[in-house]
Every structure is written in C-alpha cells, then in structure tokens.
Amino acid sequence: MLLLLSLLTSIARFYSVNGAPTIQLGKTTLVGREIASFEQDFFGGIPYAKPPIGDLRLRPPVLTSSLDLHTLDATEFGPACFQTLPDLPAATEMSEDCLTINVLRPSGISPKAKLPVMFWTYGGGFDEGASVLYNGSVIVAQSVARGTPVIYVNFNYRIGPLGFPQGQEADNRGALNLGLKDQIAALQWVQKNIEIFGGDKDKVTVFGESAGAIMTAILFLNSPLPQLARAAIMESGSQASAPLFTAERREIDWQNFVSAVPSCASTATSGSTFGCLRDANTTDIFTGLAAAMAEANELFPWDPVIDGPGGLIPDLPSVLFERGRFARLPFIAGTNQDEGTLFVPTTINSTEEVDEQITAMFTPSVSPTILSNSVETVLKLYPDVPALGAPFNTGNQTFGLSSQFKRASAIYTDNAFLSQRRFWMQTAAKAGVPTFGYLFTQPQPNIPPVFGVAHGTEVDYVYGTPSDTSPAAMSISRIMTDYWVSFATSLTPNDGLGVSRPEWTQFTPKNEALIQLNAANLTMIPDDFRGEQSAFFNSNPVIWRH
C-alpha cells in the first residue's frame, strides 16, 4: 500500500477536485465523496432499478429511467439486500430496497475520458454478500500508477428466496433467476450512464468470484452479455459450479420460506403464494427468509435454476456447449488449489458419509442405479489416501480429522470447480475464444492449515489487501492486480506495464496451460493434473448436472 501511495504521489495523472465531487445524472445531482488518500471519487448507493417491493417483489428488475430527485446523497454504499450474513459492518443496514450501484473513479477526470470499466459481482452462495464488502480503491490506484486508469463499479443483487425463488409456482410465473436479471439490469445501467462518469461503455469487463463468477459464466449462455461487456474474469466459478436443476426440485425450500412468513403461512402449500407475499410487509418477509435459511437441508438451497427455452439457462451448459450456444467473449478463468475444503463438514469420517454427501447433492439427476454406479467410480478415483486429498500437497497430514475429510474435499474441488473450469476453457478455446487460465496456490498462513489455499482466498490478493502482509504475499498481490487490470484495459494480461511479471500464455487446444499464481513459483504449468478424475466428471455431465 505504501508503495502504491508513493507511486501515486510521483506519477499520478489525476488530481482531486475541491470539495465533494458531483455528477449530473439526468435531472439529479449526485453528491459523492472524495477519497483523498487515493485521489479518487466515490459515488455510491445509486438506484439502478426500482425498489423490488410490493407489487414489484418477486418480479424481474425494472431499470430506473430517472431518479426523480433534485439531489442524491451518494456518499455511501446502499443497504445490503436481505440476508443473514453476520459479517456486514455494524452500520450497514439491510433492506429490500437494495438494488443500488457504486462507481469509483480517479479524481478529476473528464466526462470524455473514456476509461475502461471493471464491473464486480460479489459471491456468497446466492444467499449472502454485499457490495459494501468490496473496496476497489487499490485496484483503481494501481491502474492509475501503471498508466492504464480504470473505473471500478460494483452493485447489489437480490439473494436467497427473493433473488432465486424455487418451486413450481416460481417457474409458472417466470420468476426464476431474478438475481441474474439484477446483474443484467446493473450492466444495462452502466451502458446507459457510465460515460457521464468518464467511463467507456464499450470497454466493460465483468469480473466476480464464487457465486459472482457463476453468475458471470451463466451470462455466456443465453443473455445479452455481448451487448453489455467485452470481456470477463471468473474466479472460482463456472456455469454449473452450483449443480443445475429445475426449480421444482426445491419446492420444499420455497414452502418452508412461505410458511415462516407470518401473514402468508396458510398459503405455503397452496401453489398460489405470490399474491400474499407481495402484500406482506418487509418485516414478515425477513422473518421468513431468516427461518428458511436456518431450516434448509442443503448448504446452498437458493441456487440458479434451469429456466427453459428463452431463459438465461435454457438447458445444462454441457448441452449448450455441444450446440455451440455460448457468447464468444475473451475471458480469464481460474480456481484455487483447495476449493472444496470450506464446503465439506469437518466431522465427516466414513466412506458411507462421503457416498451419502455426493448422492444427496445430485439426486435426482439420473436413475438411482446410474448415480450409484457413478459415485462408486468416483470413490475408486479418489481412494482414502490422505496424501492424495485436499488440502493438496500436505502429505499424510490429516490435521486431527478423519482422512475422509481430505478425500471428500478433493472430490468437491474437482467436481464443482476444476473439472468445470477445464471443460469451459477447452470448449471456448476450441471455438477460437481467447482465454487465459490460472491456479492460485499462494500459501495462506493466516487461516487454519486444514483449509489450505481455500475457496475465496485469492479475492483479497486481487483487491490488493491480503491479510498476509509479507513481502512475498504483497508481491504476488500486486502482480495479480496488474494481470487483471491489464486484461480489462487491453484484453491480454501481458501489456508489459506495471510490475514486472512472467508472460501468461493463452490457453489453446495445443497449449492447455495455466499460470500458477504463487510468489515462490510464478510460472506456467500444464493443465493436466488429476486429469483422469476431471475427465470422468466431464464425460458424464448430465449425472453431475453440468
């Protein structure tokens, strides 16, 4: 951070404006705030869609055409969408009226600056997360220091049952995947308005992690993405990292939600709940949401779902890949070494429990016999040998747990993340789409070693704020930020500007290689590790709902 501030002091091309920065958005004056230490302007909490409450509850977002205000206080992030996330800052409120967007830019730029835009979608398993948790100041500062300034944008989208309704009624009413539609609406807002802030609507890169990466990958299937962005970066998430089913599979989760909304409980099993839910007050809605999250029998009950012909997910991604049905935008995609460790119960201690965990996750997908035989093959491909499990490269160490934890974590890593990232990149590269892959293996001394290089640990490195502040960690963080900014500004991670770093070669059918993001060994590696295991998952995508 001190290095960045020093660089900014010596070579920054943009200077703070006096007083609060303002933007004229239609008839409304947005009053933002100056972040003097970074020489940046922040405009937050800007509504990009009408409040999704009352009659607009459980409907697709309605893009705002104007704010109908003379002045908008845009000095802070807007409230987070309803959730039960305990880690939100204490001062942050939650609200159903949460569809807001935030813009961070170098100070003093001209409206004609035409800066590239980096548009972030947060993760959180589709049931938690908020834009306030992601401060893009270091990304913007480093972009300025290297001479390729960008504008950073993030937003809130609906999550849980309000963003990803489940069940037959939601399907019948066309109320599926609303959070994805929020993402599209926010991108449409950027197309309409970002040039007022000095951005270039033709140079938008969508990036996100976990659920945010999954959502971004889904937009490649059947959305207007090519009209909204020119590139994407997906950190730890592909189209079906959350297995894709139809909405009917989780009917019970929807009923549990409605039954916990006090004023609508009597309608829970009626198949006609939306009318009552739209009339309910927000306190009742939040009560139901909190109860539904506590009672769910799955880790992630509010995932995106297949919404059929004309939908954002008309079929399994593997089926659409086979038909060539996907957008041809350049992208970066990668995974962390030990993605699965955070998703497996540390109490798991038998082969039977591993079998049950896999079977429950993918029932019903095919006949019970086919699924059972497939799970049996998986267990053979992942024997109960600690040295082969996740966290990987930890030998026979089991961290005081059953060896089955490492076994199950390896299976989860490869099924949900590695195999799908590989399948997606191979499919795109074969179609001639420029794509770059990575494997993040930087050691994480500040988390329990049983989790290894866990899911989500790369995010702080991209944002320039790793909890490990050692010289090695800070070095790889600056390099990663430069790779990301380089790609967003020039469609290649190798623009030669900023921190000196190795060339990141393109993934092609003849060169299936990734960059290993590790300060001690930053190098290209073959994308062939655990090849037999990932090939099995990819040869049977219908079973695994890929």
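Author: First a definition: on a 1 Å grid over the protein atoms alone, a cavity is a set of points where a 1.4 Å probe fits but cannot get out, and its lining residues have an atom within 4 Å of a point. Grid points are joined across faces, edges and corners, and a volume is the space filled by probe spheres set on the points. Please keep in mind that this is a predicted model, in which local features need pLDDT of at least 70, side-chain atom pairs count only at pLDDT 80 or more, and totals for chains, interfaces and linings use all residues. Residues are numbered from 1 along each chain as its sequence is written, and side-chain values use heavy atoms, with hydrogens and water left out.

Reader: OK, so how much space lies in the second largest cavity?

Author: The second largest cavity holds about 70 Å³ of space, and its lining includes Pro52, Cys81, Glu96 and Arg158. That lining has 7 nonpolar, 1 polar and 3 charged residues, where Ala, Val, Leu, Ile, Met, Phe, Trp, Tyr, Cys and Pro count as nonpolar, Asp, Glu, Lys and Arg as charged, and the others, Gly among them, as polar.

Reader: And what about the largest cavity, which residues are closest to its centre?

Author: The largest cavity has about 120 Å³ of space, and of the 15 residues that line it, Met361, Phe362, Ile411, Tyr412 and Asn415 are the closest to its centre. H12 and H14 are the elements that give two or more residues to this lining, and H14 gives the most, with 6. Helices here are DSSP runs (H or I, at least four residues), numbered from the N terminus.

Reader: Which charged residues are in that lining, or how does it divide?

Author: The lining of the largest cavity divides into 10 nonpolar, 5 polar and no charged residues.

Reader: Switching topic, at what angle do H12 and H14 pack?

Author: Helix H12 (residues 351–361) and helix H14 (residues 403–430) pack at about 25 degrees with their axes 9 Å apart, the axes being lines fitted to C-alpha atoms over the stretch in contact, and angles running from 0 to 180 degrees between N-to-C directions. H12 is therefore roughly parallel to H14, a label for angles under 35 degrees. Their contact (heavy atoms within 4.5 Å) includes Ile358 and Met361 of H12 and Ile411 and Tyr412 of H14.

Key
Parallel < 35°, antiparallel > 145°, perpendicular 65-115°, else oblique. 1 Å grid on protein atoms, 1.4 Å probe; cavity = no way out; pocket = protein on both sides within 12 Å on 5 of 7 lines; lining within 4 Å.
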